[in-house]
Structure formats: structure tokens, C-alpha cells
Amino acid sequence: MLVKALLVTLVYFFGRCEWLLGSGNIRRPVILGTLTGIVLGHPAEGAIMGAFLELAFLGAMSIGASMPPEMISGTVLGVSLAIAAGGEAETAVALGVPIASLLLVVNTVLNQPIIILFCHRADYFAEKGDDKGIARSMFWSGMVPTLIMCPIIFCGFYFGSDVVSQALGFVPGWIQSGVSFGCNMIPAIGFAMLAQMIFSKKLAPFFFIGYFLVQYLEISTMGIAIFAVLIAILLGYAKIDAMKVQRAAEVDDNEF
């Protein structure tokens, strides 16, 4: 159990250190869930649970001062505890979402003052023209909060796996069915939040075209994606032709 807890913590550390490698989407649940499953010896289960959590966190993003749930910790602990307890993907979602919300509060209370402190240090070095000082401040503003959270993840898995396993054993079947039903609704809510942000009158016809192609012609997701790419290419060519016609008309107007 000690080795597994260390490996789970390393997965969390890797996900939190995405900022060192650029924006590669390493922190996304489908990636971290798979990695967590690999280190625990259940790669397929980890990938499936990560995919479910990906849908649950699909619409979670920072808008203004609003912070989304701590997706990395929710994914790593949710998947690892669900695997340790022998649960299904619904169990990972049921554990991961509340954990992410709780650790968001912990992360904010413990780490935001540290980040602000290093930001002020970066301002100090900027005034002095010290590039290396700025780089050090920015590095430690990301590294220190990550190191602070790692023991929490370690203890959460090391002490929590047995507790979760025992708790699931005492939960009645009708409650587990209710939780499973509720967790199946979370991905739909995530899709709805995402659709609300991108939905417009211009995009609505394409959405319904894809829906009816799947519903009545039973075309696979890959087939829909291919159709979407081809339609995008045709629309791009049509827009280019329209621009050429418009420019030709403007040239003719200028000549007269």
C-alpha cells in the first residue's frame, strides 16, 4: 500500500507540473485517470474512469475570479480510491467530484497566499531588472504549492482506501443505484454547460445535423467527425471564393 500511495502521489505531482512542460493537457482526467490505473495495475479501468471524470469536468473552467474544482486531485484520488475499493466508473465520479471541491478549498487557503508572496517577489526582481530572480520566483510559485499538496494526496489514498472499501460494503444497493444514476447525469450536465458556452444560431444547424445522422442513420462518432471535417473544408473554400468575388467587385468599382 505504501508503494501504491507513493506512485499515486507521483501521478498527481506529474499532473500538477504540467506548467513546466507547457499546456499539453496532461492534467486532463482522461490522461491522469489512465496513468493512475497504470501505476495501480488496472490501466483499462483507469482509462474508463478518467473518461467519465473528463465528462464530469468538461464544463469546469476558471472564469474571472471563479475557480473550478481541483480537477487533478479529484481525478487521481477518485480513480485510485475507486480502483482500490473495486468500484466502477460511477464510484470514481461519486468520489472524485466532492474531493475536487473539497481540495479546491484546501488549495486556496494553503497555497494562494504563497503564490501571492512569490508574485510580489517577481515584481521586486522585475523592478531591479533581474531576469533570473523573476524566473526563480515563478518556478517556486508553482512548485511550493504542488509540494504542499502532495502529502495530502498521499495520506488521502493511504488512509482512505480501506475506509472507502469498508464504507462501500455497508452502503445499501438502492443508494448505490441512486448514486450511479446521479453520476450518469453529471456528464450530461458537463456537456450542457459546454454547449451553452458555444451554442449559437450559426452552429445550431450543424449540431442537429450531427444528432439526426447518428439517430436515424446510425453513423459512428468517427463517421460524424469525418463528415464535420469535410463540411468545414467545403465552407472554407466557399468563404475563400466569396472573398475573391468581393475583391474582384471592389476592383471593378475602383476602376469606374
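This is a predicted model: local features need pLDDT of at least 70, side-chain atom pairs count only at pLDDT 80 or more; totals for chains, interfaces and linings use all residues.
1. Leaving out residues up to four places away in sequence, Arg16 touches Glu70, Ile72, Asn107, Asn111, Pro145, Thr146 and Met149. Arg16 is placed in helix α1. Its relative accessibility is 11%, and because buried means under 20%, Arg16 counts as buried.

2. One of the contacts of Arg16 is also a charged pair. The side chains of Arg16 and Glu70 form a salt bridge, with an N to O distance of 3.9 Å. This pair joins distant parts of the chain: Arg16 belongs to helix α1, while Glu70 sits in the loop between α4 and α5, and the two are 54 residues apart. Glu70, like Arg16, is buried.

3. How many salt bridges does a search of the whole structure find? The search finds two. Besides the pair already described, Glu54 forms a salt bridge with Arg28, and their closest N and O atoms are 2.6 Å apart. Glu54 is in helix α4 and Arg28 is in the loop between α2 (18–21) and α3, so this pair ties together parts that lie 26 residues apart in sequence. Both Glu54 and Arg28 are buried.

4. The overall architecture may now be stated. The protein has 10 helices and zero strands, and along the sequence the pattern reads α-α-α-α-α-α-α-α-α-α. Among contacts between residues at least 6 apart in sequence, 73% join residues that are at least 24 apart. Of the 256 residues, 31% count as buried. The accessible surface comes to about 15,700 Å², and 71% of this surface belongs to carbon and sulfur atoms.

5. Helix α3 (residues 29–39) deserves a separate comment. Which of its residues are buried? They are Pro29, Leu32, Gly33, Thr36 and Gly37. Viewed down the axis of α3, these buried residues fall within an arc of 140°, so they line one face of the helix. The elements against which they pack are α1 (2–16), α4 (43–56) and α5 (71–84). Just after α3, Gly41 adopts a positive phi of about 85°.

6. Gly37 illustrates the buried face of α3. This residue lies in helix α3 and is buried, its relative accessible area being 0%. Apart from residues up to four places away in sequence, Gly37 touches His42, Pro43, Gly46 and Ile83. Gly37 and Val76 are 39 residues apart along the chain, and their C-alpha atoms are separated by 9.3 Å.

7. Is Thr75 buried or exposed? With a relative accessibility of 0%, Thr75 counts as buried. When neighbours within four places in sequence are set aside, Thr75 is in contact with Pro29, Leu32, Gly33, Leu53 and Phe57. Pro29, Leu32 and Gly33 are among the buried residues of α3.

8. In soluble globular proteins, nonpolar side chains tend to be buried together. The largest nonpolar core here contains 29 residues, and those with the most contacts inside it are Tyr12, Met49, Val76, Leu77, Ile153 and Phe157. At least two residues of this core come from each of α1, α4, α5, α6 (89–128) and α7 (131–170). The greatest contribution is that of α5, which gives eight residues.

9. Not counting residues up to four places away in sequence, Leu77 touches Ile99, Leu103, Ile153, Gly156 and Phe157. Two of these partners, Ile153 and Phe157, are themselves listed with Leu77 among the residues with the most contacts inside the core.

10. Where is Ile240 found? Ile240 is in helix α10 (residues 221–255). Ile240 counts as partly exposed because its relative accessibility is 41%. Together with Met222, Ile226, Val229, Leu230, Ile233 and Tyr237, Ile240 makes a nonpolar surface patch of about 700 Å².

Terms used:
Residues are numbered from 1 along each chain as its sequence is written. Side-chain values use heavy atoms; hydrogens and water are left out. Patches are made of residues with over 30% relative accessible area and no salt bridge: like charges are joined within 9 Å, nonpolar side chains (Val, Leu, Ile, Met, Phe, Trp, Tyr) within 5 Å. Accessible areas come from the Shrake-Rupley method with a 1.4 Å probe; for residues, only the protein chains shown count as cover. A salt bridge is a side-chain nitrogen of Lys or Arg within 4 Å of a carboxyl oxygen of Asp or Glu. Helices (H or I, at least four residues) and strands (E, at least two) are DSSP runs, numbered from the N terminus. Buried means under 20% relative accessible area, exposed over 50%, partly exposed in between (1.4 Å probe, protein chains only). The arc is that of the directions from the helix axis to the C-beta atoms. Contact means heavy atoms within 4.5 Å. A nonpolar core is a set of buried Ala, Val, Leu, Ile, Met, Phe, Trp, Tyr and Cys residues joined through side-chain atoms within 4.5 Å.
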